[in-house]
Amino acid sequence: MGQSGRSRHQKRARAQAQLRNLEAYAAQPHSFVFTRGRAGRSVQQLSLDVRRVMEPLTASRLQVRKKNSLKDCVAVAGPLGVTHFLVLSKTDNSVYLKLMRLPGGPTLTFQINKYTLVRDVVSSLRRHRMHEQQFNHPPLLVLNSFGVQGMHIKLMATMFQNLFPSLNVHTVNLNTIKRCLLINYNPDSQELDFRHYSIKVVPVGASRGMKKLLQEKFPNMSRLQDISELLATGVALSESEVEPDGEHNITELPQAVAGRGNMQAQQSAVRLTEIGPRMTLQLIKIQEGVGNGNVLFHSFVHKTEAELQAILAAKEEKLRLKAQRQNQQAENLQRKQELREAHKKKSLAGMKRARAGAEGDSDAEDPGAPPEAAGASQNEEEEDDAEYFRQAVGEEPDEDMFPRVGKRRRLGGPPGKKQRGKEQRPGSGKGQGGNWRPPKPKGRFQGVKTKLGPRARRQDTGRPSRT
């Protein structure tokens with residue numbers, strides 16, 4: 001049996017091809033499209049439509065929460081290779097679009113004067129042509145009227161060009177171009193027209209009946225006697241299928257294009273169908289950095305050279321103070337670290353000395369407890385013996401038997417303890433004589449008479465109880 005599967009050279013070639021594809025994909029520009037603030041449903045849907053335009057080189061399922069700041073998005077974009085941000089926001093005055101270049105800027109702020117969503121554009125068309133295969137490749141970018149003099153115009157054109165991968169007209173595959181993004185600049189109104197189209201290539205030079213045969217859906221020829229009637233007269237074709245083709249959209253194909261009849265070196269017509277969204281933009285300002293730099297251009301606010309110099313000086317002073325604070329913080333951290341290390345070394349040295357002293361005195365004799373502690377322990381022992389004598393005999397011991405206890409009692413008793421008074425015997429109280437009676441109970445038992453039940457009396461008398 002022969003070896004099954006691919007050979008070693010085939011596997012190596014496939015691995016190298018995959019590596020080249022990954023490197024080429026990583027070198028292409030990628031983008032994030034999201035909204036900031038309270039945008040509303042319409043602006044949220046517009047962001048999804050713009051994200052649809054930027055596919056497949058964008059995060060289609062990107063979710064940005066309210067607690068996520070712009071710095072969080074920038075931090076995430078670095079490892080993922082994201083090069084551009086398209087941020088939509090809404091205020092009380094208008095809707096804005098910010099186009100940011102990562103990681104160093106610049107940032108272009110546009111005001112969206114008018115916009116139309118994809119669903120509105122498609123619903124207005126009689127026949128729309130949009131399918132998922134169109135979004136497998138990035139769109140073809142077409143810029144119109146951007147040759148006007150002005151640095152801000154050239155910067156806008158460069159930013160839009162860098163949004164999509166560059167094309168080599170000599171090696172490009174026409175089957176990968178399924179969409180077209182048109183951005184037209186109007187010098188009079190200084191507005192940008194943003195349009196998104198679907199591209200379809202159809203052959204020309206054939207009759208309508210022949211084109212109907214080339215389509216996937218075959219025409220109804222039940223009323224025809226021969227197929228020649230379809231090719232000659234074009235019966236059973238609606239008037240809406242009349243082609244609006246002309247010299248403006250007919251070209252010779254340099255290579256074969258997917259579709260019936262689109263052969264190389266043949267005349268074909270390129271048809272565009274708008275699929276949305278549609279926007280009318282106006283440039284407001286251009287900033288350095290990612291959203292918080294110096295203003296390079298502003299459409300409505302114009303500052304003098306002195307004002308610009310003052311702004312730059314304030315900016316430099318702010319940066320200088322920030323650097324000074326950072327240096328001071330670094331010095332404080334270094335000083336605290338040195339103090340911590342010195343304290344640690346000192347503590348370890350002290351612990352070693354204590355351990356060495358304890359090990360050197362281990363063979364010496366134990367001096368025992370101090371005399372004060374010994375005397376206190378003897379007093380406690382004699383006091384315990386005296387208490388045991390009282391309980392056993394019922395009388396107070398003589399002073400000769402426990403001299404320490406008697407001496408302490410004459411001095412007023414041990415410190416910290418109250419001296420107990422002697423209980424008065426019956427008949428020895430003042431003014432009582434021999435008529436002594438037990439005191440009446442106090443508290444909650446005052447006035448309560450206790451009686452024994454019959455069972456308790458039987459138990460006291462020792463008689464057997466009846467069960």
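Guide: A residue is called buried under 20% relative accessible area, exposed over 50%, and partly exposed in between, with a 1.4 Å probe and protein chains only. The model is predicted: local features need pLDDT of at least 70, side-chain atom pairs count only at pLDDT 80 or more, and totals for chains, interfaces and linings use all residues. Residues are numbered from 1 along each chain as its sequence is written, and side-chain values use heavy atoms, with hydrogens and water left out.

Visitor: Why is Lys-322 called partly exposed?

Guide: Lys-322 has a relative accessible area of 45%. That value lies between the 20% and 50% limits, so the residue is partly exposed.

Visitor: What makes the group of Lys-71, Lys-315, Lys-318, Lys-322 and Arg-325 a patch of positive charge?

Guide: Patches are made of residues with over 30% relative accessible area and no salt bridge; like charges are joined within 9 Å, and nonpolar side chains (Val, Leu, Ile, Met, Phe, Trp, Tyr) within 5 Å. Lys and Arg count as positive and Asp and Glu as negative, while His and the chain ends are not counted. These five residues are Lys or Arg, and they gather on the surface. Helix α8 (residues 305–360) gives the most to this patch, with four residues, and Lys-322 is found in that helix.

Visitor: Which residues form the patch of negative charge?

Guide: Glu-380, Glu-381, Asp-384 and Asp-385 gather in it on the surface. Asp-385 lies in helix α9 (residues 371–393). Its relative accessible area is 41%, so Asp-385 is partly exposed.

Visitor: How do you know that Glu-387 and Arg-390 form a salt bridge?

Guide: A salt bridge is a side-chain nitrogen of Lys or Arg within 4 Å of a carboxyl oxygen of Asp or Glu. The distance from N to O between Glu-387 and Arg-390 is 2.9 Å, so the pair qualifies. The two are three residues apart in helix α9, which means that about one helical turn separates them. Glu-387 is partly exposed at 36%, whereas Arg-390 counts as buried at 19%.

Visitor: How many salt bridges does a search of the whole structure find?

Guide: The search finds five salt bridges.

Visitor: What makes Arg-52, Glu-55 and Glu-132 a network?

Guide: Salt bridges link these residues. The side chain of Arg-52 meets that of Glu-55 at 3.3 Å, N to O. Arg-52 also meets Glu-132, at 2.9 Å, N to O. This second pair links distant parts of the chain: Arg-52 is in helix α2, and Glu-132 is in the loop between α4 (118–124) and β5 (140–144), 80 residues apart.

Visitor: How do you know that the length of helix α2 agrees with what it should span?

Guide: Helices (H or I, at least four residues) and strands (E, at least two) are DSSP runs, numbered from the N terminus. The expected span of a helix is 1.5 Å times one less than its number of residues. The 13 residues of α2 (residues 41–53) should span 18 Å, and the end C-alpha atoms are 19 Å apart, so the values agree. Among the buried residues of α2 are Val-43, Leu-46 and Val-50.

Methods:
Areas by Shrake-Rupley, 256 points an atom, 1.4 Å probe, with all protein chains shown as cover. Charge placed at Lys NZ, Arg CZ, Asp CG, Glu CD.
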